[in-house]
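Welcome! Here is a short briefing to read alongside the sequence and the 3D view.

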Amino acid sequence: MSATQILLLIGAYFLVLILISYFTGKNDSNADFFKAGKQSPWYVVAFGMVGASLSGVTFISVPGWVGDSQLTYMQVVLGYLFGYFVVAFILLPLYYKLNLTSIYEYLLDRFGKVSHRTGAFFFFISRVLGAAFRLYLVAIVLQQFVFDDLGVRFEFTVVISILLIWLYTNKGGIKTIVWTDTLQTLFMILAVILSIVMINKELGWSFGEFLASEELKNYNDFLITDSFLNKSYFIKSFVGGMFVTICMTGLDQDMMQKNLTCKSLKDAQKNMVSFSFVLVGVTFLFMLLGALLFIYAKREGIGIPLMDGTPKTDLLFPEIALNGGLGLALAITFMLGLIAAAYSSADSALTSLTTSFCVDFLNVEEKEDKEQKRIRKRTHIVMSVVLVIVIIAFKYILSSNVIDSLLTVAGYTYGPLLGLFAFGILTKHKIKDSYVWIVALASVGTIVLVASVPADYLGGYQVGYELLPLNGLLTFIGLWLIRTKKSEPKTSIAQ
């Protein structure tokens, strides 16, 4: 597939998204931008959240990770499933009870201004890094397979990507995204299914023959139970995955903002439960696709693509889809899936960052209507510029697999949020609000030190995704040390 064909495909795709934004963003109001008027059908939100949760990271990085980790990522995914139930039946009732725009307003009501700003700050850092990870991945693919041939610099690729997102989210915000995510999820799931079918056909297999093949058995390690010292030991991965979901979904304005657009708590819970099971199934398909890619690459003698002289398994899927001689249909399928997966998470990230900054830092809801709109639009532009800067920086500092890097960073940045919300929900204590930022920074600093300790010093124990719950526990303990009298139970469900 030529660079020109890819550009035409991208252009047509974004014309469709801009058309959707035209109809959903006619009001151009803050109420629609932040909450979509609380009129979103739960099943539309649920289906769209699949794409937003998986993103370009899953679409490319998870299949590429199979070569090193085989199917062990499913241990983390099973933890996700249990985490979604915690979100549905513990966190969502709290958010709906308080009728929140930003979920971090709970911390203001429960503890005070410093806790509110601390929680919003850690979300801001988490979501900027998370969104940048996702967009970085799609940007390097477009650069490697399109823009390098045209002599366009990586920096320009990033700017264009963010500009396109800004164009269709500028007016409708979350109201637009609820519907564009649905379309993007459809393209992404079709892409992975069609890719599996087409590659199997090239190998002369049916899907059943692929599942029964000897080659697949080389990638079928699923549970790691031989040694607790192993970073990927089942219990560590499962618990880590559960807390990743609680934090990166339940304590994340990006994901919760979609849920808060549903008409009622019951609808939001139906959305979360149905979405969680679909997500597990779709992720497993991505793992199977990853194994199939490595099998095909070995048979055809296709090496791992290089980026800046270094092998990068994240680029194996695009290499086979675009340059593997499998035809134009697979190339188009791949590009549609990649674009859909990447932008379905990035657009909502940009919107949620704008929402959180406006509500949590600029107190936009206390302003006059005309001033609210002006602040929101300016903030939307600023958040776009921030994402551009961080994505470009990643090109020069990121070396490992993107999905691994994303989960590792979550262990640092979401821990204080986990501790703050857990303390608010599970206890009735107030705290010395002015000291909260010290507790949060001390917890993160301790986790950074723990993560840097060589395994040899820990008797061979490899630190993994359990850093996130440990970070939350340290924050919880720190808050316990600065507790004061008991609070009124109105914003706590610890009755």
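Helices (H or I, at least four residues) and strands (E, at least two) are DSSP runs, numbered from the N terminus. This is a predicted model, in which local features need pLDDT of at least 70 and side-chain atom pairs count only at pLDDT 80 or more, while totals for chains, interfaces and linings use all residues. Residues are numbered from 1 along each chain as its sequence is written, and side-chain values use heavy atoms, with hydrogens and water left out.

**Confidence**
- The mean pLDDT (the predictor's confidence in each residue, from 0 to 100) of the protein is 82, and 91% of its residues reach 70 or more.
- Among the elements, strand 3 (residues 429-431) has the highest mean pLDDT, 94, while helix 17 (residues 402-413) has the lowest, 66.
- Over residues 490-495 pLDDT stays under 50; for this stretch the model has 20 contacts (heavy atoms within 4.5 Å) beyond four places in sequence.

**Overall build**
- You will find 20 helices and four strands in the protein.
- The radius of gyration, taken over C-alpha atoms, is 22 Å, which agrees with the value near 23 Å that a compact globule of 495 residues would have; the globule rule is 2.2 Å times the number of residues to the power 0.38.
- Along the principal axes, the C-alpha atoms fill a box of roughly 70 × 60 × 40 Å.
- Of the contacts with a separation of 6 or more, 86% join residues 24 or more positions apart.

**Surface and charge**
- Of the 495 residues, 60% count as buried, where buried means under 20% relative accessible area, exposed over 50%, and partly exposed in between (1.4 Å probe, protein chains only).
- The protein exposes about 19,200 Å², by the Shrake-Rupley method with a 1.4 Å probe, and carbon and sulfur atoms supply 64% of that area.
- There are 38 positive and 34 negative side chains, counting Lys and Arg as positive and Asp and Glu as negative, without His or the chain ends.
- The centres of the two charge sets lie 11 Å apart, with each charge placed at NZ of Lys, CZ of Arg, CG of Asp or CD of Glu.

**Two places to look**
- Helix 14 (residues 316-323) is mostly covered, with six of its eight residues buried: Leu316, Phe317, Pro318, Ile320, Ala321 and Leu322.
- Just after helix 14 comes Gly325, with a positive phi of about 70°.
- Thr176 sits in helix 8 (residues 174-203) and counts as buried because its relative accessibility is 0%.
- Leaving out residues up to four places away in sequence, Thr176 touches Ser21, Thr24, Gly25 and Tyr168.
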